[in-house]
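Me: Could you open the model so that we can go through a few spots together?

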Amino acid sequence: MTSGLLFDLVIRNVRVEENGPLVDIAVQEGHIVDIGSDIRCEAIETVDGEGTFAFGGFVDTHIHLDKACILDRCTICEGTLAEAVRETARAKAGFEVDDVYARAARVVEKAISHGTTRIRTFVEIDPRAGFRSFDAIKRIREHYAFAVDIEICAFAQEGLTNEPETVDMLDETLRGGADLVGGCPYTDPDPNRHIEMVFALALKHDVPVDFHLDFSLDPGRTDLPAVIEATLRHGWRGRVTIGHVTNLSAMSQAEILSIADRLAEAGIGLSVLPSTDLFLNGRSHERLVPRGVAPAHLLASRGVVTSIATNNVLNPFTPYGDASLIRMANLYANVTQLSRDEDMALVFRMVTEGTASKFGSAGRLEVGAEATIVLLDSPGPGDAVREIARVVAGWKNGNRSFDNGKPRIHRPK
Ligand SMILES: [Zn+2]
């Protein structure tokens, strides 16, 4: 049947809500022009979604592409945060542009095939890394724009007050294509001054901020009040994200909810990084090792924007990884002992909606939106998290960006 309409693409028989009705998605010139049942049209490309769940793709709010895949040049003896920082700093001095590009490309291609369409990557800028990692990741951002939007956070991993030349280097990258600025107060001898220096750069360039924060199991040692205070004082509400904050896992629920209210009021988002946090925390415990994963779902219940992200892949911070966010969502749900359908739906939102970011509300499937669409072999988000659903195929701006093929069982004849 035809009504005379000819679209570029129509994806038929997909769900856009958990166990919802089967619908078709019509695409023209890179945008969604219709979502409905049995859309009467012809299309240059027609795809049968076969009952899969269609969504806007995963958003990885926190990943380090520059230092991924370096296990071959690092030693892991203690498995501690201090060792990971030390070993990676040593390896970083030897990074070359082509080397960073090749390792980052390997991870980005995995992320694409796992259905990720938006990435915030940290890139370390300091006297050891120079601008080599930054130059490589800028090329990655350009070369993979056909499949994924990448934003670059110019990141001071090794401190600022102890290495003031890093401030000028961050300033230069923010003039030269970085999207935001990031700091790490716990590696700086003066964490409060570090926080102010990062905010000064953010104000100068009018960009968001992302801090690695409170990466320990000690609730008494915290830089969070300083970040909240600076966020409110500078009017940076909705433009600040914090990552790790693993000491929340050592607090009572009442303390966590009190902090959640202050974060929600300051509009500060939280990225939880389960794989790294599980690997590095609690090394002094011989048994009953604490999990060290911040309970993001509790914070979300009080209105904090939360996300679950990859962080590191195959390096001393995390000697595992495949950049799969549906796997990370399942890991988080398992570690935090979640089971209800509404919790699964929340966990799915934490890998699809992102935190304070230029991505904003991108990723919603609606008429007029960018036709960036990923299909999951699942009736919906909850089941997808429970089963680590297979990612089937994806489109960016209406163009097919990957296809994982269809698994086949070969029965004996
Ligand atoms: Zn990180």
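This is a predicted model: local features need pLDDT of at least 70, side-chain atom pairs count only at pLDDT 80 or more; totals for chains, interfaces and linings use all residues.

Reply: Residues are numbered from 1 along each chain as its sequence is written, and side-chain values use heavy atoms, with hydrogens and water left out.

Me: What span should helix α7 have, and how far apart are its end C-alpha atoms?

Reply: Helix α7 covers residues 253-266, helices here being DSSP runs of H or I with at least four residues and strands runs of E with at least two, numbered from the N terminus. Its 14 residues should span 20 Å at 1.5 Å a residue, and the end C-alpha atoms are 20 Å apart, which agrees; the expected span is 1.5 Å times one less than the number of residues.

Me: And which residues are buried in α7?

Reply: Ile-256, Leu-257, Ile-259, Ala-260, Leu-263 and Ala-266 are buried, where buried means under 20% relative accessible area, exposed over 50% and partly exposed in between, with a 1.4 Å probe and protein chains only.

Me: What comes just after α7?

Reply: Gly-267 follows, with a positive phi of about 65 degrees.

Me: Switching topic, where does Pro-379 lie?

Reply: Pro-379 is in the loop between β14 (373-376) and α12 (381-387), and at 27% relative accessibility Pro-379 counts as partly exposed. The C-alpha atoms of Pro-379 and Ala-54 are separated by 9.4 Å, although these residues are 325 residues apart along the chain.
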